[in-house]
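Dear colleague,

I am passing on the structure below, followed by notes on how its parts are arranged. Please read them alongside the coordinates.

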Amino acid sequence: MSQGPGRGADVARGAALLAAGRLVAFPTETVYGLGADASRDDAVGRIFDVKGRPRAHPLIVHLAPGAALEGWAADVPDLAHRLAAAAWPGPLTLILRRGPRAAAAATGGADTIGLRVPAHPLAQALLAAFGGGVAAPSANRFGAVSPTTADHVAADLGGDVDYILDGGPCAVGVESTIVDLSRGRPVLLRPGGLPREAIEAIAGPLEVADARAPAAPGTLASHYAPRAEVIAVDLDGVPAAVAGALAAVAARRGAVAVLAPAGALAGWPELSQLPVLACPLPDDIAGMARELYGALRDLDARGVDVVIAALPPAAGLGEAVGDRLRRAAGPRPRGESAEP
Ligand code: TXA
Ligand code: MG
């Protein structure tokens with residue numbers, strides 16, 4: 001195996017590598033990104049190679065605070081400026097008509113572009129030092145759970161990334177909310193770290209892209225999946241789902257885990273009598289979002305076969321957490337896990 005990548009908090013080194021067309025993983029407030037110079041097809045092409053991601057799946061271009069949208073986007077509607085003023089830096093990605101600065105590879109050949117200004121100080125320092133746009137998907141292999149620590153990135157990508165900027169664990173823990181402003185009425189393509197309510201207060205009601213007929217390439221039903229089978233159920237349904245999973249895996253001696261708020265787990269004393277691994281998440285929805293992906297990775301590392309996951313109420317960040325759990329529970333490509 002190749003030697004692991006360099007890792008640390010050396011922003012100048014990260015910026016120099018980006019300028020040389022290399023790949024730099026960096027922390028954002030949502031998840032870690034795998035970055036390359038967004039204006040160079042060759043640099044962006046390496047992202048697709050390393051991730052194993054289909055080239056038609058467009059990337060988000062990250063900009064420094066205060067960077068002009070012009071050049072990256074064209075025909076920017078007034079609503080985009082209002083949303084950007086209210087939410088950036090922060091976990092909101094706007095889909096706009098594409099301008100000339102982005103490499104065709106970064107947008108998957110589309111005539112639109114996803115833009116966002118991340119809130120993490122190291123991401124901002126990297127973007128400021130580099131001076132251009134950085135195209136970055138989440139820094140995991142295609143289809144797997146997004147990384148929320150530098151360790152996750154190193155475990156997924158190893159020596160395939162030239163440098164990992166280590167900014168500690170991500171504060172939000174789920175990816176940005178994506179709103180399409182490129183075709184008139186605003187459409188919610190992906191719920192995420194900025195709650196829908198905050199956006200609708202400015203934009204009015206958002207139309208929702210049907211998850212089963214994705215409007216965005218890349219929003220696949222089986223995305224964000226760990227190796228284990230995930231069964232997402234409402235809180236009330238957890239005990240019955242655990243019993244069902246135990247019966248189903250008994251013959252193959254599989255291991256079952258329950259992923260639920262600590263307070264809810266405490267309310268099911270009968271679970272402690274069963275051969276089930278209890279995986280408590282924080283009771284508040286922000287804590288749940290922050291720890292979700294790490295918990296799913298941890299359960300994979302422990303060899304769990306089936307995860308019964310409690311769906312949170314859909315308000316606020318609960319919409320994004322529920323979306324990711326449903327996708328983790330979604331149909332996988334036949335005969336294989338979501339991981340390549
Ligand atoms: O929080 C985040 O958004 C993280 C951090 C690193 O910024 N990034 C992220 O990137 O989650 P990725 O590539 O894993 O997911 C980006 C999503 C994909 O579903 C992609 O299809 C969609 O954004 N997307 C990007 N550009 C688009 C465009 N022009 N039109 C429609 N969807 C687009
Ligand atoms: Mg991703």
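Between domain 1 and domain 2 about 1,400 Å² is buried, with carbon and sulfur atoms giving 54% of that area (buried area being the accessible area, for a 1.4 Å probe, that two parts lose on being put together, summed over both). On the domain 1 side, V145, V174 and P191 lose the most area to domain 2, together 36% of what that side buries.

This is a predicted model, in which local features need pLDDT of at least 70 and side-chain atom pairs count only at pLDDT 80 or more, while totals for chains, interfaces and linings use all residues. Residues are numbered from 1 along each chain as its sequence is written, chains are lettered from A and ligands numbered from 1 in the order in which they are written, and side-chain values use heavy atoms, with hydrogens and water left out.

The protein chain is divided into domain 1 (6-208) and domain 2 (229-328), with bounds that come from an automatic or database domain assignment. Their centres, taken over C-alpha atoms, are separated by 29 Å, and the contact (heavy atoms within 4.5 Å) takes 23 residues from domain 1 and 14 residues from domain 2.

I also looked at a helix pair, with helices taken as DSSP runs of H or I, at least four residues long, and numbered from the N terminus. In α9 (residues 285-301), I285, A289, L292 and Y293 meet G318, V321, R324 and L325 of α10.

With kind regards

Methods: Helix = DSSP H or I, 4+ residues; strand = E, 2+ residues; numbered from the N terminus.
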